[in-house]
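Hello,

Here is the structure I promised to pass on to you. Have a look at it first, and then read my notes below.

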Amino acid sequence: MADSYDVIVIGGGPAGYPAAIRAAQNGLSVACIDEWKNRDGTPAFGGTCLNAGCIPSKALLESSELFHRLHSEFAVHGIKASGVTLDLAAMQKRKAGIVKKSTDGINALFKAAGVTPIHGHGRLLPGRRVELTTPDGAKRELSAKNVILASGSAPAELRSAPFDGKHIVDSWGALDFDAVPKRLGVIGAGVIGLELGSVWRRLGSQVVILEALDDFLAMADQQLAKEALRHFRKQELDIRLGARVSGAVVSGDVVKVTYTDAKGEHTLEVDKLVVAIGRRPYTKDLLAPDTGVQLDERGFIQVDEQCRTGVDGVWAVGDCVRGPMLAHKAKEEGVMVADLIAGRFAEVNYKTIPSVIYTAPEIAWVGLTEEQVKASGRPYKVGVFPFLASGRARAMEQAQGFVKLIAAQDDDEILGVHIIGPMAGELIAEAVLALEYSASSEDLQRTIHAHPTLSEALHEAALAADKRAIDSINR
Ligand code: FAD
Ligand code: AMP
């Protein structure tokens, strides 16, 4: 292993590993240092996303949705099943296999690209030097022309309800339950709280989600949020808004959660409690004194639009810097920095980062919400197309939700697209491309969409913005 590289990346999650691969593609010598250890002590690249976030959660969401649909929906298709039972151990084993394949894949990608993988802890020293501590405790110094910090994030803890790893758990713990909790409490109705609540509800838990804010999905378009809340409540996810948790204590095998709402203080008893109140940037022992790298008041590494820290040759990307904590945002920042280091043009368009919530129905959006457009004062028009009017959605028995498209009244530019319904996370890609190219609603109206597909709903929503929808009544 060399001691000196063109680029050292600290962190091998969705921000760090793509940065390392792109830097190597650009002909630079690269090492990627990562300290992640799985519960059995094995090291793995891929960070939170592959080991404890996006991938295992989507694996369980898929399995649990199949289980749920088998019970609630298959009979409508004329498929009768009896004696259906849950084998949670097998479900968890499948999830673990998918995680392993994904993380092993990074090792293969590193090998093919010529990235040197290093397991251990990296700490930035002044002068673009990095102190490496290997798992056996040995320390060495490496140096690089450029260092990319990609240390990610960690679950936020509620001081009055500390994690104990058994009854009060973070999102990683909630992905690893070995039995379906009879009563599950979730603090926080954000993306992670809703996805995890959905998994265990579908598998049979009684789920109560406590959310401090009065508004549901406050960051989303509120027409979409209202529709989502209606569906989730129909699924018997007991979502309590305006409910701020003040503490939780474990007594025997029961967690007693205290929360306050407009009516006063309440106690809720559950078997497991998931704390999903957000994530905080993770920079533990990452920066030696005097590196010059600054943290902001919330603990994020300070960077400019192009992820420069202000210290020559030191960059930071992903969850440890400002912006949405999303794997695709992390990846684009990593790739951008690797290209900038190589002297290529690169930028991230922060206005076109899609958000997806992988519940049923799925939720996805890009661009501005109607509330944001209204506040901007720009005249706008809205087109809505319900999946109820989509032949494909009806054939799939998934005709819930709608596509909502917002375009400027003056020049017809698409300002935002909001989807709740089947495969919303896939459908949003077309809207992202439209925004990336500053497309007008007319551009989408003139784009041919195959029939019968779910994507026709986006086409029809664009037509509806001008009251020219064919397959639904224009209002
Ligand atoms: P991380 O993935 O956290 O990776 C950072 C890596 O750096 C880790 O491996 C860590 O061990 C290592 N590290 C940190 N400090 C050091 C150091 N000093 N030395 C060496 N190594 C170090 N996002 C989506 O876009 N879609 C989803 O569907 C989605 N689902 C999620 C579900 C859950 C349950 C959770 C928790 C998150 C989810 N996310 C999702 C968010 C996503 O996981 C993060 O945005 C993403 O992982 C951020 O990537 P990152 O590389 O910045 O950080
Ligand atoms: P996100 O940041 O999207 O993961 O969502 C976390 C959610 O947790 C937010 O909607 C917060 O309002 C909510 N939250 C944070 N603290 C509490 C608390 N003490 N009680 C209930 N909800 C909380």
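**Salt bridges and strands**

Glu 131 and Arg 123 join their side chains in a salt bridge, with 3.5 Å from N to O. Both of these residues are buried. Please keep in mind as you read on that this is a predicted model.

Strand 4 (residues 121–125) and strand 5 run antiparallel and are joined by five bridges. Within this pairing, Gly 122 stands opposite Leu 132 of strand 5. The two strands make a hairpin with three residues between them, and Gly 127 in the turn has a positive phi of about 80°.

On to the next partner: strand 5 also pairs with strand 6 (residues 139–149), again in the antiparallel sense and over five bridges. Here Val 130 is found opposite Leu 142 of strand 6. This hairpin has five residues between the strands, and Gly 137 takes a positive phi near 95°. How enclosed is strand 5? Four of the five residues of strand 5 (residues 129–133) are buried, so the rest of the structure largely encloses this strand.

Now for the other salt bridges. The structure holds 26 salt bridges. One of them joins the side chains of Asp 339 and Arg 22, at 2.8 Å from N to O. This pair links distant parts of the chain, as Asp 339 belongs to helix 8 (residues 327–341) and Arg 22 to helix 1 (residues 16–25), 317 residues apart. Asp 339 is buried, at a relative accessible area of 9%, while Arg 22 is partly exposed at 26%.

Glu 333 is buried, with 0% relative accessibility, whereas Arg 322 is partly exposed at 23%.

There is also a network of salt bridges, linking Arg 378, Asp 410, Asp 411 and Glu 413.

Finally, take a look at the surface. Asp 304, Glu 305, Glu 347 and Glu 436 form a negative patch there. Of these, Glu 305 sits in the loop between strand 16 (279–281) and strand 17. Is Glu 305 buried or exposed? With 58% relative accessibility, Glu 305 counts as exposed.

Best wishes

Technical notes:
Residues numbered from 1 in each chain as written. Chains lettered and ligands numbered in written order. Predicted model: local features only at pLDDT ≥ 70, side-chain atom pairs only at ≥ 80, totals over all residues. Heavy atoms only, no water. Salt bridge = Lys/Arg side-chain N within 4 Å of Asp/Glu carboxyl O. Buried < 20%, exposed > 50% of the residue type's maximum accessible area, 1.4 Å probe, protein only. Patch = residues over 30% accessible without salt bridge, like charges linked within 9 Å, V, L, I, M, F, W, Y side chains within 5 Å. Areas by Shrake-Rupley, 256 points an atom, 1.4 Å probe, with all protein chains shown as cover. Lys, Arg positive; Asp, Glu negative; His and termini not counted. Charge placed at Lys NZ, Arg CZ, Asp CG, Glu CD. Pairing = 2+ DSSP bridges.
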